[in-house]
Amino acid sequence: MSQLVDKPLIMANNMTDTITKPNASNDAAPSLQTSNTAGQSWFNREIPGIKQQLTAPLTAVETEPSTECSSCHSMITNTALIFNCYVCPHCDHHLPMSARERLNWLLDQVNGELGQEFTAKDPLSFVDSKPYPARMSEAQEKTGESEALIVMYGKLRNLDVVTCAFDFRFMGGSMGSVVGDRFVQAAEKALEDKVPLICFAASGGARMQEGLLSLMQMARTAAAIERLRIAGIPYIVVLTNPVYGGVTASLAMLGDIHLAEPKAMIGFAGKRVIEQTVRETLEEPFQRAEFLLEHGVVDEVVHRHQLIDTIYRLLAKLCHVPNLNAQ
Ligand SMILES: [Zn+2]
């Protein structure tokens, strides 16, 4: 069990002398006479002639909704997790954030959302273990989102920005034609308003259910980013865990600046596929953000607690915001 849950439980046991429960006296009395005091702490020691009332341990802490850290397996209450930006307070592991939480966390003011009118088609009538429309409905029900990319525009402190974020829970953050549509619309909004574009990438790659149409999104998004580059509009990518496949090969690697969260896995093909292709055993951390930073693929690995400030300062420099140091 976790340290976080252990601590309140120790407190709860120590509190049994001071907090009494009326119904417990009958059950507890026989155990006082027969129990062995050896090995008990002085605080809980039974004193002959003094009747003690024992209570059941407090269980409120145990019942609070908690999430298990995938790295150190500590149980963290959801409230603590939200206050800590989904970073584990025990081992500093960065847990995943949903796209909507991510954008609401980043923006100080949300002025609107884009691309909700687009809906996915099933042009190939694709069926694997279940039909594509059934898979979509399942993902929509699970996440409460209509697609894997969310686009919002608003204010990051005093800067107007357009932001988008992939939701990895939605079919592995895969890029289908709607994701492409939404990204292009985000880029066009940034171009029209002459404001920076920020993208939080988290994806397994192209969406196989849409075949060639999903691969075409690589070219579409790349063309939209090129239009931003020509207009001199900053485009910042934040690589979160994990980013793979067609998303890495297009919009996630075409930023003016690439930031990454600690220990994020970033690559094109996965480790096993590369090993089978090159017939070599590869070292474990070769697709981690820190390794990619050493080899010049990403510009900076930024802790989530410093991420908003880093993005703001980079954009403020690129947009020539006056008196940056005074803010
Ligand atoms: Zn942890």
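Strand E7 (residues 235-243) is largely enclosed by the rest of the structure, because eight of its nine residues are buried. A residue is called buried if 20 or more other C-beta atoms lie within 10 Å of its own, exposed if 12 or fewer do, and partly exposed in between, with C-beta atoms placed from the backbone. Strands (E, at least two residues) and helices (H or I, at least four) are DSSP runs, numbered from the N terminus.

The model is predicted: local features need pLDDT of at least 70, side-chain atom pairs count only at pLDDT 80 or more, and totals for chains, interfaces and linings use all residues. Residues are numbered from 1 along each chain as its sequence is written.

Cys199 lies in E6 (residues 197-203). Cys199 is buried, as 26 other C-beta atoms lie within 10 Å. Two residues are in contact if their C-beta atoms, placed from the backbone, lie within 7 Å. Leaving aside neighbours within four places in sequence, Cys199 is in contact with Cys164, Val237 and Leu251. From Cys199 to Leu103 the C-alpha distance is 9.8 Å, although they are 96 residues apart in sequence.

A nonpolar core is a set of buried Ala, Val, Leu, Ile, Met, Phe, Trp, Tyr and Cys residues joined through C-beta atoms within 7 Å. The largest one has 62 residues, of which Phe166, Ala186, Leu197, Ala201, Val238 and Leu239 touch the most other members. Another core, of six residues, lies apart from it and includes Cys69, Ile76, Val87 and Met97.

Across the protein chain there are twelve helices and nine strands. Of its 327 residues, 32% are buried. Among contacts with a separation of 6 or more, 70% join residues 24 or more positions apart.

Helix H6 (residues 132-143) has twelve residues and reaches 16 Å from its first C-alpha to its last, close to the expected 16 Å. The expected span is 1.5 Å times one less than the number of residues. Gly144 follows H6 and has a positive phi, near 75°.
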